[in-house]
Amino acid sequence: MDAHLLEPDTTNEAISSTFLKQLLLSADNQKLQQDNVSQSGIPTVSIKPKAGMCMKTRTESGDKVFINICHSENVPEPKDLTDDELLKVLESEDPTQFRIPMSIGEPHAEIDKSGSGCTVYDVVIHPNFLKKIEKSELFKTFFLTIMCEGVESKYDILLKRDWIFLKNRKSIGKLIEQTIRTKPTPLILDMDNTVGDQLPMRQPEKRNLIEEVHQQEEELNKKAPEPSFTIVQEPLEGYPDFLVAEISLSNIKTAQSLTLNIGEDRLVLTTRSHTYYLDIFLPYYLLRDECGAQFNRASKILTVTMPVRPSEKS
């Protein structure tokens, strides 16, 4: 269960940052396996981005950033949903069933029109999906949010969400060719809970694609330092009604950097860039659906309130 991380200035509440990271995908797909093979023997395909639109924003430290939103037929097309269907998916118990294949390229230094230096990232999606986000504000907001999460996670930066789009330019700098691995992906249950031995190449929307996460993510999490924390029960004596955990996160700036998972008797906290990692078991069973959390930016304290399942003896 993902407890909600709340902040006084939280926006786009319909799109939870906890699961947005799970929606980020690389352009890996079996469709691309036969296109090319790298010298190391790993199948790859080259993507030559075509300019689509250019977004301007800044990092939290004030550095200027441009993101070229490009397109290529070599990037798989996501399932074609309507706005209403997307809303239903976001409100469902499993919002990760809708995935957007994208390729996030390496940053490159460029000069903007004022002559100042800036950093540019090229993000490549399928051309049909580019047309969709140009027409639908819902899909556009959804895509931009997870795209920014992807760039932040991959390159250890924080981007502001007050982006603007250039009116007269579709890209900044030279678009750089990208090479993507095309390792086989396992078949997973699709939206109608059916699975076959092999899915046709022309139906990539019937296949859940591999998420764009580092292969050693779990190992890196476990190597991250454990934050200091305290857990108290209420009331202080006897069987508790709830537990309250206070976790000190002095190096965290925003709740968007945090992912909190609460099980029946377990709390797991991970952070972007592996700043902290906390995995603890609790002495009581919890009411997971009633748990909540709030991060205080001033004190850098994450407070997690966890109602306890009533005692069978009571």
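Me: Are Phe129 and Phe143 buried or exposed?
Reply: This is a predicted model, where local features need pLDDT of at least 70, side-chain atom pairs count only at pLDDT 80 or more, and totals for chains, interfaces and linings use all residues. Residues are numbered from 1 along each chain as its sequence is written, and side-chain values use heavy atoms, with hydrogens and water left out. With buried meaning under 20% relative accessible area, exposed over 50% and partly exposed in between (1.4 Å probe, protein chains only), both Phe129 and Phe143 come out buried.

Me: Why is the pair of Phe129 and Phe143 edge-to-face?
Reply: Rings of Phe, Tyr and Trp (its six-membered ring) pair if their centres lie within 6.5 Å; planes under 30 degrees apart are stacked, over 60 edge-to-face, the rest tilted. That rule gives six aromatic pairs. For Phe129 and Phe143 the centres are 5.9 Å apart, and the pair is edge-to-face because the planes sit at 75 degrees.

Me: Which residues form one aromatic cluster with Phe129 and Phe143?
Reply: Phe129 and Phe143 are both members of one aromatic cluster.

Me: Which ring does Lys132 lie over?
Reply: A charge sits over a ring if NZ of Lys or CZ of Arg is within 6 Å of the ring centre and within 35 degrees of the ring normal. Lys140 does this with Phe165, at 4.2 Å from the ring centre. For Lys132, at 4.7 Å from the ring centre, the ring is that of Phe139.
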